[in-house]
Amino acid sequence: SPVTTEVEATWANLGDNILGSASPSTVHRNFTGAPELDVYYPAALAHQLAASDLGTSADITSNFGSDVNWYFGLDGNVPPGAYDFVTVVLHELCHGLGFIGSATVAGNTGFVGQSGSPFVYDTFINDNGSGGSLLDLNNATSGLGDALTGGGLVWAGPHGLAADVAPPGIYAPDPWEPGASFSHLREDMYLSGNANALMTPNLNTGEAIHDPGPIVMGMFADMGWGVEGCVISA
């Protein structure tokens, strides 16, 4: 990106079993250089596409557990019982760079979008149940809620699809898990040791993943990031 990506990181007590969290500080739509109109892009990506800094705040806001038994080494040799800090930082930065959707479920009703517009991530999610884009389903309906908790969501962007033999599975458990559902890859498809395991919702002690993996890199290319090794065409 021609624009420096700024990250605000804070130590915080995040609660049991939460290692970190992150999100874009702001999202932007209909800016000069936006590939799609009425679609929200995370700050860092919007700045790259616009070749201009569109805001004054940090692009990514992140928090990391202050009471976690961290391993701060860079070699991936994580001792038993500790969590690899590099892995968690990389995971959370991916969320901040755009690996995050706008969907949520309340009761049995599903919602997607913010102020009438989806996130760019949302536009690449297909529902195997309906056979089409998640955005083809009516918003604020039980049908959308069923899709978001039905376990049948997949990534449909060409670069993400090209990265694996099976369409990348999106985490969509029943019931809905706030902070985990929709904005992760499926845990049961990309287990520990899999090259694409970084963006699943769970991390084991002793586990180190220092590469986003081909699926995530393909997904970023689909969303508009210029990724080395991925050719983006109109």
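Biologist: Why is Phe182 called buried?

Modeller: Its relative accessible area is 1%. Buried means under 20%, exposed over 50%, and partly exposed in between, with a 1.4 Å probe and protein chains only. Phe182 falls under the limit, so it counts as buried. Keep in mind that this is a predicted model: local features need pLDDT of at least 70, side-chain atom pairs count only at pLDDT 80 or more, and totals for chains, interfaces and linings use all residues. Residues are numbered from 1 along each chain as its sequence is written, and side-chain values use heavy atoms, leaving out hydrogens and water.

Biologist: What is the mean pLDDT of the protein?

Modeller: The mean is 95, and 97% of the residues reach 70 or more. pLDDT is the predictor's confidence in each residue, from 0 to 100. Over residues 230-234, however, the pLDDT is below 50. Beyond near neighbours in sequence, that stretch has nine contacts in the model. A contact is heavy atoms within 4.5 Å. Where pLDDT is low, the predicted coordinates should not be read in detail.

Biologist: How many aromatic pairs does a search of the whole structure find?

Modeller: Eleven. Rings of Phe, Tyr and Trp (its six-membered ring) pair if their centres lie within 6.5 Å; planes under 30 degrees apart are stacked, over 60 edge-to-face, and the rest tilted. Take Trp70 and Phe85: 5.0 Å centre to centre, with 80 degrees between the planes. The angle is over 60, so the pair is edge-to-face.

Biologist: Where do Trp70 and Phe85 sit?

Modeller: Trp70 is in strand β6 (residues 70-71), and Phe85 is in helix α2 (residues 85-97). They are 15 residues apart, and the pair links distant parts of the chain. Helices (H or I, at least four residues) and strands (E, at least two) are DSSP runs, numbered from the N terminus.

Biologist: What makes Tyr121 and Phe182 an edge-to-face pair?

Modeller: Their centres are 5.6 Å apart and the planes make 75 degrees. Tyr121 lies in the loop between β9 (109-111) and β10, Phe182 in the loop between α4 (158-162) and α5 (214-223), so the pair ties together parts 61 residues apart in sequence. Tyr121 is at 0% relative accessibility and therefore counts as buried.

Biologist: Which residues do ring pairs link into a cluster?

Modeller: Trp11, Phe64, Trp70, Phe72 and Phe85. Phe64 is in strand β5 (residues 60-65). At 7% relative accessible area, it is buried. Leaving aside neighbours within four places in sequence, Phe64 is in contact with residues including Trp11, Trp70, Phe85 and Val88. The C-alpha atoms of Phe64 and Val88 are separated by 8.4 Å.

Biologist: How do you know that the length of α2 agrees with its residue count?

Modeller: The expected span of a helix is 1.5 Å times one less than its number of residues. For the 13 residues of α2 that gives 18 Å, and its end C-alpha atoms are 18 Å apart, so the two agree. Just after α2, Gly98 takes a positive phi of about 135 degrees.

Biologist: What makes His210 partly exposed?

Modeller: Its relative accessibility is 37%, so it is neither buried nor exposed. His210 is in the loop between α4 and α5. Thr87, in helix α2, is at 2% and so counts as buried.

Biologist: Which side chain makes a polar contact with Thr87?

Modeller: That of Asp84, at 2.5 Å. The side chains of His210 and Asp84 are joined by another, of 2.7 Å. A polar contact is a pair of N or O atoms within 3.5 Å; within protein, one must be able to donate a hydrogen and the other to accept it, and residues adjacent in sequence count only if both atoms are side-chain atoms.

Biologist: What is the strand order in the open sheet of three strands?

Modeller: β11-β10-β12, with antiparallel pairing. β11 (132-133) and β12 (153-155) each have a single partner strand, so they stand at the edges, with one side left without a neighbour in the sheet. Strands pair if DSSP finds at least two bridges between them. Two bridges join β10 (residues 125-127) to β11, and Asp127 stands opposite Gly132 in β11.
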